[in-house]
Structures are given as structure tokens and as C-alpha cells.
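These are my notebook entries on one protein chain.

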Amino acid sequence: IVFSGNGPSGICLSYLLSGYTPYFRRESLHPHSILQRKLEEAPEVSILDQDLDYLSEGLEGRSDSPVALLFDALQRPDTDFGGTAESVLTWWHEPNRAIPHLVLGRNAPGGAWHSIEGSMVTLSRGEWMGLPDLPFREWLKQKRRGLRNNRATAEDIAQYYQHYVMKKGLQRNFRCGTVVTSVRKVSAESISNHTQKDLQENSGSLWNSNGQSTEVFQVDGFFKTVEGDKEPFSIYAENVVLATGTYDSPTWLGVKGENLSYVHHQLSALEKAVKNNSIGIMSDPVLIVGAGLTAADAILFAHHCNIPVIHVFRRRVSDPGLIFNQLPKMMYPEYHKVHQMMKEQTAACAGPYECYISLPEHHVLSFGKDKKCIIQDKNGCQKAYKISMALVLTGSNPNLSFLPNNGIDLAVNSDQPVNPKRNPIDVDPFTYECTQEKGLYALGPLAGDNFVRFVQGGALAVASSLLKKANKNPP
């Protein structure tokens, strides 16, 4: 089995496929009485071997995935009500149930968390960032650190994921510095006998030596050596798990001049410009486009450095779909401040905040070579603004260029590109196997699970399915 992606989804699945098996802890009491009754029916049977559809029936929460809600409820029973009840799971290491697998990733274990500016604070509560059987809060205590306002920094999260892989002994399954360039189905007969023999010896149950499987996946890519060379590789597997996340390709507006050198699509460009002193207090304003949390982070960073900002976004400030209108004020004071600025400091009425102008219900028409940007309001009125740099922070899309047709055929709507919020990959809700391609699985944002807290249920579903395929489930 080969996974493409070594973020939290890939790490969690590697843990479950390495023989670590969850059971209901007999003396524990779950606050959800119906779930408690179901768990008591067969405590000697691992959760991986039980009917996930049956166990998750009737659960409600902040995810649309029943298995995500189930695994979250088992690990953090009353967390949505501010409780700190212990997990009702106990973990046993059963090496005979391990399934050989490889986890391929560009970065160190933790995936995109290594690319995020280290001091950024997570949206989710710190304890929701943890992986099975090693609470994040406990790991932080060992570092003699606490959670700021119940939340953690990106640097802490990235270090925790690396530590988790080492602590649980998963590192032999991870190949970092790898880039996957192609995943495609090939006929088993087309692979040389020599390769088949190698696969049977190395993969154990992964390869059907009785010839039942007529097609396998060929995974091609390259490995970046210490010297900077690229060593190509080809791997054959009966099952492939896509866990690449969505941090790869920032969304573009598709307007004239967007490819000019002063227009950027990542927050890191602003941090770099401040570090290099190429922008500062006396600069022309920085244009920030977008009304999500990354745009808010950019505004907070610029505000902290006293850099003037023009903030453009399409929605109304009161739009219920705006993320700021969904966040509790007490828990997210800094985002609440940005939301206040967006409301009170529009171009039409000057507010109390210096160096910031909010332009709700506006959009960018074009960027000029003279660093002038044309912006249009909802009534069609246009205005030019002189800026020092532009940050287009309107989300990101997964890069699935390694799949045939960029993976579009796998999406819920196969006429549109895969998008984690609007058009995820179509998977079976209890196995996470792609409905359009058997043997191919999708995890995390690709399958519509956008929070670390909920990607783990997908890993549980995939592990349960793969164990059944490999006949590693007890009768």
C-alpha cells in the first residue's frame, strides 16, 4: 500500500496499519448513552473490526462524515461542550495485524505544517490537533509549555507530528523528500516477472499471488537526494491512498496582470518583504484580497508592523457564510478584531483604525505594471489604487496533476476540478474508497474533511477496509 502525503491523515493511517489497534476500554463510560450501549455489546472486538455504519448511526457534530464523528467521539467524548473526559479507547499493539505500507511526502512528517509560518496560531483548539494515543497537551507539557488561549502554534504542531512518528516507531514506513509524478492503473501481466517476484517477497499479503488481481497501480516519482539530485522510482501497489491535502496550489483570481512580480499568493511573501525591508511604514498600501483566515492573518501581521492595508473582498461583512461570523468571540479575539476592522473602517466611513481600509463587496479587475490596481464595487464603479504589493489569499486547491485528468473524474461533480469545500473526491463514507476507482482511497481535505480533528475518522475507515481486504480482521 502506498500513501501520497505524510500530513496528519497519512500519519494516523500509518499508525493504524502498523498493528496499533483500538478497543473500547471496559470500565469507561461514554456520555452518549446509545453509543455506550453499542460499545458494550462487543468490547473484545476491535473498533476496526466492528460495523462502523452501525456504531456511528445517530451521532451529530461539526462534520458531515459519520466515521469522523465516531472516531472523534471515542477519542474526545465531550469536547464540544468544553469537557475534558478521557478517551474511551485503549490501544493494543498487535504486530501480526500490521500491513506493509509506504508513506511518501515532500517534507518531514507533518506535511504542509512545515510550510506554515511557525508563530501562526491554529484555528482549532490545541487538543484537537492531537493524534491517537499521544495527547498533544501532554506532549506540550513535557516541553514545559502551555497552550495560548487553548490554541497552539504551527511550529509546535509540526514538531509534534515529527515526534509522534518517532515515538510510535513509524519512521521506517516514511520516505520524505519524495515527489509523486504519476499514479495510474496498469495490467499485472505487463509487469515483468522479476518485479512481481520482488513484490511478493517484499509486500507479503499486498500482492495476490493467486492471480485474482489483474490490475495494479503504478506509482512513479522521484526522490530528492542530499546532493540535490533526483532519483526516479516506480512502485507497484494494489491500493493507493491519496492524502496530499490542499496546500499546494493557491487559487488565482484570473485577472489581467496577476502574474506580475508584485502580486503574490502566499502570506510568506509579506513576511519576506518585511524582513528584507522592501516594505514598511512609509510604503504604499499592501492590497490583501480575500475574507478567510489566511487573509485575516496577513492583516494582523501588517497591522502589527504598522504597514498600511487595503482589504478587498466580495462578500458583505454581515454575510453568515463569512468565517468570522461563525467563530466564538472569546476564543478568537484576534479574528474578532479583524472582523471589527472590516465593519468599522470602510472607505465610505473612517473608523478608529489607522493604516487600514476595508472594501466589502468589491473585486479586483486588473493589476497594472505601474503597481496600480483597478478595483470595482457592486454597482460597477471603478477606482485605481497605488499599492506596494498585492496578496491574493482566496484559498488553495489540491495539486492532483499526477492523476489522469487531474483527478477530475474522481470528484463528486466530474465536470469540475477537485475542491475540498465545494467538490471533494467522491468516496464511500464508511471505507473512503473512491467510488469511481476501486483500490484508490482519499483522505483528509481531498475527501471533504478539513480539520485535523476529523481527518482521523477517514484513516479509521481506510484501515478497516484494508484489513478486511488483507484478511487481517479476526473472524
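**Entry 1: Ser-14.** I began with the contacts of Ser-14, where contact means heavy atoms within 4.5 Å. Not counting residues up to four places away in sequence, Ser-14 touches Phe-3, His-101, Val-103, Leu-170, Asn-173 and Phe-174. I found Ser-14 in helix H1, residues 8–17. Helices (H or I, at least four residues) and strands (E, at least two) are DSSP runs, numbered from the N terminus. Is Ser-14 buried or exposed? Its relative accessibility is 0%, so Ser-14 counts as buried. The terms are set as follows: buried is under 20% relative accessible area, exposed is over 50%, and partly exposed lies in between, with a 1.4 Å probe and protein chains only.

**Entry 2: the source.** I noted that this is a predicted model, in which local features need pLDDT of at least 70 and side-chain atom pairs count only at pLDDT 80 or more, while totals for chains, interfaces and linings use all residues. Residues are numbered from 1 along each chain as its sequence is written, and side-chain values use heavy atoms, with hydrogens and water left out.

Entry 3: Two strands pair if DSSP finds at least two bridges between them. Strand E1 (residues 2–4) pairs with strand E4 (residues 102–105) in the parallel sense, over three bridges. Phe-3 stands opposite Val-103 in E4. E4 is also joined to strand E7 (residues 174–176) by three bridges, and these two run parallel. Which residue in E7 is the bridge partner of Leu-104? I found Arg-175 there.

**Entry 4: nonpolar cores.** A nonpolar core is a set of buried Ala, Val, Leu, Ile, Met, Phe, Trp, Tyr and Cys residues joined through side-chain atoms within 4.5 Å. In soluble globular proteins, nonpolar side chains tend to be buried together. The largest core here has 85 residues, and Leu-13, Tyr-161, Val-219, Leu-242 and Ile-425 have the most contacts inside it. Helix H11 (residues 452–469) gives the most to this core, namely nine residues. Another core, of 32 residues, lies apart from it and includes Leu-270, Leu-293, Ala-295 and Ala-298. I then listed the contacts of Leu-13, leaving aside neighbours within four places in sequence: Phe-3, Val-241, Leu-443, Ala-459, Val-462 and Ala-463.

Entry 5: I located Pro-132 in the loop between strand E5 (121–125) and helix H5 (136–142). Pro-132 has a relative accessible area of 0% and is buried. Beyond four places in sequence, the contacts of Pro-132 include Cys-12, Trp-91, Tyr-164, Lys-168 and Gln-456.

Lys-168 also takes part in a salt bridge with Asp-133 (3.3 Å, N to O). The term stands for a side-chain nitrogen of Lys or Arg within 4 Å of a carboxyl oxygen of Asp or Glu. Why does this pair tie together parts that are 35 residues apart in sequence? Lys-168 lies in the loop between helix H6 (154–167) and E7, and Asp-133 in the loop between E5 and H5, so the pair ties those parts together. Lys-168 is buried, at 10%, whereas Asp-133 is partly exposed, at 41%.

**Entry 6: further salt bridges.** How many salt bridges does the structure hold? I recorded 12. Arg-25 and Glu-86 meet in one of them (3.9 Å, N to O). Arg-25, Glu-27 and Glu-86 are linked in a network of salt bridges. Glu-86 counts as exposed, at 62% relative accessibility. The side chains of Arg-97 and Asp-49 meet at 2.7 Å, N to O, in a salt bridge. Arg-97 counts as buried at 5%, and Asp-49 counts as buried at 18%.

**Entry 7: an open sheet.** Lastly I looked up the open sheet with the strand order E8-E9-E10 and antiparallel pairing. Strand E8 (178–187) and strand E10 (230–237) stand at the edges with a single partner strand each, so one side of each has no neighbour in the sheet. E8 is joined to strand E9 (residues 215–224) by nine bridges. Val-186 has Val-216 in E9 as its bridge partner.
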